[in-house]
Amino acid sequence: MKIVVLSGGKSTERNVSLSSGAKITNALRSKGYKVAYVDSFLGEDVDEDKIDDLFITEPEDESKMIIDDEVLTNEKIEALRTDGTKGLLGKNVLKICQHADIVYMGLHGEDGENGKMQAMFDVFDIRYTGSGSLASGIAMDKKFSKEVFVQNHIQTADYTTTQTADITEDEIPFGFPMVVKPSNGGSSVGTHIIRDASELKSSIEDALQFDTEALIEEYIKGREFSVAIVDGLVLPAVEITVDTGWYDFDHKFQDNSVTHFITPPELDDETHKRMQEMTKETFDALAMSNYGRVDFLLRDSELYVMEANTLPGMTPRSLMPREAEAVGISYPDLCEKIIKSKIRLYEDGK
């Protein structure tokens, strides 16, 4: 089988995606697959008759898995492309993907998770991992996904949205503290926990750097968990704790000693089971498929679904691989399971 691992792209999570993609590539090559590691935004300068040469079984330098802590702006990402071209895809990306049996979506954020890439692949009959275009778009947009949660009686934090930083606290239906984040985004980029009105305007302005709309959310002070689902198997939850601050970009992805991951978590069986049930309910409500992850907060025995992720991170510090390992699924086996599961869905016409 020939597999393209598509990573990078044009997103605030570009560096996270490159790290995920490199690790996925090595894992699949270790299983004997022929894998091409491709940056969707930069592409490859390769003649069409040489494309098959990109699919190799030898692992690459694992230094690519180290995430740069810089969050790149669109301007900086665009400057990386020096051939003068514009658009979603870099040179020859579509042609390379057409040479593969399936594309492993190692993209995160923006154009990788908002359904655009998935819709384009559907048009060109290219198989890919993860959810389809509609589910991806809804899950990526925090406002729309929250509306789905409410309609399906899935408890979530109260919220409102704004496209301007001029909103006042009187226009927000709950009090401080609150959370401000881009409506479309991930990895906590542009996210702020604010304690009073003096922080409101600047926090919204920062969030609006990354999206045209900001989500303002009730702050739920509680324990933080994440639960992944792969091929219908709901994995055990992982609890995330930090010694100082909160679970922001650096705590998520930089190697440090102040972030701790506990799986299975110290939870009573009933709460853990309910969390796993809500994961499946959320997955189905958003029409997700193949695999995904749901993030929770637990406050005084009350569970709140915060958001769902259709392409969970697969970096050395990501959550889903930890959960899989807790039930005896190795990282390479997890990557293979995701691919085989999606191929089976295609074969079943789903």
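## A buried glutamate and its partner

Glutamate 239 is buried, at 7% relative accessible area. The model is predicted. Arginine 223 pairs with glutamate 239 in a salt bridge, with the closest N and O atoms 2.8 Å apart. The two come from distant parts of the chain: arginine 223 sits in strand β8 (residues 223-230) and glutamate 239 in strand β10 (residues 238-242), 16 residues apart. Arginine 223 has 32% relative accessibility and counts as partly exposed.

## Other salt bridges

The whole structure holds 22 salt bridges. One of them joins glutamate 217 and lysine 146, at 2.8 Å from N to O. Glutamate 217 belongs to strand β7 (residues 214-218) and lysine 146 to helix α7 (residues 142-151), so this pair ties together parts 71 residues apart in sequence. Both glutamate 217 and lysine 146 are buried.

Aspartate 166 bridges to lysine 201, with 3.0 Å between the closest N and O atoms. Aspartate 166 lies in the loop between β4 (159-162) and β5 (178-182), and lysine 201 in helix α8 (residues 200-207), so the pair connects parts 35 residues apart in sequence. Aspartate 166 is exposed at 54% relative accessibility. Lysine 201 is partly exposed at 42%. A salt-bridge network links Lys31, Asp333, Glu336 and Lys340.

## The chain overall

The chain has 12 helices and 13 strands. Its radius of gyration is 20 Å, close to the 20 Å of the globule rule for 350 residues, so the chain is as compact as a globular protein of that length. Of the 350 residues, 52% count as buried.

## Surface and charge

The chain carries 37 positive and 64 negative side chains. The centres of these two sets lie 5 Å apart.

Conventions:
Residues are numbered from 1 along each chain as its sequence is written. This is a predicted model: local features need pLDDT of at least 70, side-chain atom pairs count only at pLDDT 80 or more; totals for chains, interfaces and linings use all residues. Side-chain values use heavy atoms; hydrogens and water are left out. Helices (H or I, at least four residues) and strands (E, at least two) are DSSP runs, numbered from the N terminus. The radius of gyration is taken over C-alpha atoms; the globule rule is 2.2 Å times the number of residues to the power 0.38. Buried means under 20% relative accessible area, exposed over 50%, partly exposed in between (1.4 Å probe, protein chains only). Lys and Arg count as positive and Asp and Glu as negative; His and the chain ends are not counted. The place of a charge is taken as NZ of Lys, CZ of Arg, CG of Asp or CD of Glu. A salt bridge is a side-chain nitrogen of Lys or Arg within 4 Å of a carboxyl oxygen of Asp or Glu.
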